Amino acid sequence: MAEFLDVPNETIFTMETTPLKFGPGATSEVGDDLQRLGVRRPLLITDRGLMRTGLADRVCRVLREADLAADLYDEVHVEPTDVSWEAISEYVQGRDYDGFVALGGGSAIDSAKAANLFTTYPAQLTDYLNKPIGQGLPVPGPLKPLIAIPTTAGTGSETTAVAVLDILSLHVKTGISHRNLRPSLAVVDPLNTVTLPPMATAYPGFDVLTHALESFTSRPYDARPRHRPDERPVYVGRNPVSDLWCEKALEYLGRSLRRAVLNGYDIAARTDLALAATYAGIGFGNAGVHVPHALAYPIAGQVRAFVPPDYPPDQPLIPHGLSVISTAPATFRWTFPTSPERHIRAAQLLGANVSSLTDADAREVLPRTLLSLMRDTGIPNGLGALGFGEADVRSIVDGALKQQRLLVCCPRDVEAPQLEEIVRASMEHWA
Ligand SMILES: [Fe+2]
């Protein structure tokens with residue numbers, strides 16, 4: 001191939017996703033879905049919070065009615081760690097399950113991906129972890145069937161090939177990224193999200209928003225170096241197909257994010273958010289995310305005392321969606337020159353009036369639109385409000401520089417000085 005094309009650039013993009021079943025009530029069909037996939041003895045993986053809501057019990061009942069010998073694991077850790085992954089893998093090992101159902105947010109789905117991987121192809125955790133923290137070895141073959149039922153409209157983990165965790169001893173978030181990790185089926189049922197309290201709606205909603213924005217502005221696939229087929233990354237850069245999914249996700253978020261946060265029982269808004277999460281998951285699952293996600297890992301990993309409203313009160317935590325949105329306005333002010341028309345288009349899709357913008361307004365329109373959404377939905381005023389200060393800038397930037405897999409998707413070359421500037425500009429969003 002290379003001898004026919006006289007450029008070092010990539011010329012090929014890929015588009016892969018999980019099969020999707022979408023709609024109110026889709027959860028009630030999961031027994032049929034498992035049977036169709038040949039599963040007879042599944043493990044349902046969820047967390048204590050979903051046990052308390054009764055949703056996990058309802059899914060157990062659906063599995064029993066389909067004559068499936070299902071077991072339940074309800075000890076998923078919110079924001080999984082190397083320790084919690086080891087615990088679930090140990091539980092699964094030797095118990096003879098032939099498939100998995102993950103019920104929950106990204107934490108449950110990622111934990112199920114990990115349990116499936118480490119019990120199908122046992123290895124040291126670091127073997128599969130992304131470089132440079134791990135060795136980034138490929139997943140050797142197909143995994144057992146996994147059906148993902150998201151209960152938040154957020155991570156898009158049900159459609160992606162990525163599983164994320166905290167490495168406790170290193171205070172860093174990283175993950176495993178391989179196409180074989182993709183669930184076999186995503187069952188997206190907006191009714192599963194109606195009881196989420198406001199901030200458990202808002203934070204995941206902003207995760208969706210940054211997935212769509214980062215992918216939509218990422219470095220184009222054909223402005224990156226050529227890859228051999230076996231070395232082409234999961235995140236190939238923005239391309240005509242990922243753009244379609246991201247634009248639609250932004251449109252749905254623009255009209256429904258505020259509504260879903262302010263009135264959780266608004267089914268139309270919940271449906272829009274669930275679709276947006278899925279669409280953005282497909283978009284970023286192929287194009288990739290960049291600076292806000294790279295910075296979000298150390299921001300979340302270095303949490304001190306922040307306890308988010310509407311989350312369990314017993315542990316300090318910066319939810320993923322909050323950590324990504326915190327640096328998004330400053331990031332998109334900085335990436336603006338790489339594609340002004342995309343930044344303006346994104347703001348327009350989110351609801352901004354973009355007619356007759358001056359040059360100065362054009363650069364500000366996307367950050368301003370984000371800040372308006374953030375203020376209306378109760379997002380804290382910058383990294384300072386999460387407990388960070390000037391003394392933390394260096395360690396946050398050092399942590400982000402370890403996420404080279406994400407930073408290669410940034411549309412501008414990015415090193416420590418640029419990241420420092422973005423972090424400093426994100427300490428306080430409004431006066
Ligand atoms: Fe995310």
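Me: How many salt bridges does the structure hold, and what makes a contact a salt bridge?
Reply: The structure holds 27 salt bridges. The term means a side-chain nitrogen of Lys or Arg within 4 Å of a carboxyl oxygen of Asp or Glu. This is a predicted model: local features need pLDDT of at least 70, side-chain atom pairs count only at pLDDT 80 or more, and totals for chains, interfaces and linings use all residues. Residues are numbered from 1 along each chain as its sequence is written, and side-chain values use heavy atoms, with hydrogens and water left out.

Me: Why is the contact of arginine 41 and aspartate 71 called a salt bridge?
Reply: Their N to O distance is 3.9 Å. The limit is 4 Å, so the pair counts. The pair links distant parts of the chain, 30 residues apart. Arginine 41 sits in the loop between α1 (30-36) and β2 (42-45), aspartate 71 in strand β3 (residues 71-73). Helices (H or I, at least four residues) and strands (E, at least two) are DSSP runs, numbered from the N terminus.

Me: What separates glutamate 251 and arginine 255 in helix α8?
Reply: About one helical turn, because they are four residues apart in helix α8 (residues 240-262).

Me: Which residues coordinate the iron ion?
Reply: Asp207 (OD), His211 (NE2), His293 (NE2) and His320 (NE2), at 2.1 to 2.2 Å. Donors are N, O and S atoms within 2.8 Å of the metal (3.2 Å for Na, K and Ca); water is not among the atoms, so sites may look incomplete. Histidine 211 lies in helix α7 (residues 198-216) and histidine 320 in helix α11 (residues 320-325), so the pair ties together parts 109 residues apart in sequence. Histidine 211 is buried at 2%, and histidine 320 at 18%.

Me: Why is the site of the iron ion called irregular?
Reply: Its four donor atoms make angles of 83 to 170 degrees. Four donors are tetrahedral if all angles lie between 85 and 135 degrees; four are square planar and six octahedral if opposite donors are over 155 degrees apart and all others between 65 and 115; anything else is irregular.

Methods. Buried < 20%, exposed > 50% of the residue type's maximum accessible area, 1.4 Å probe, protein only.
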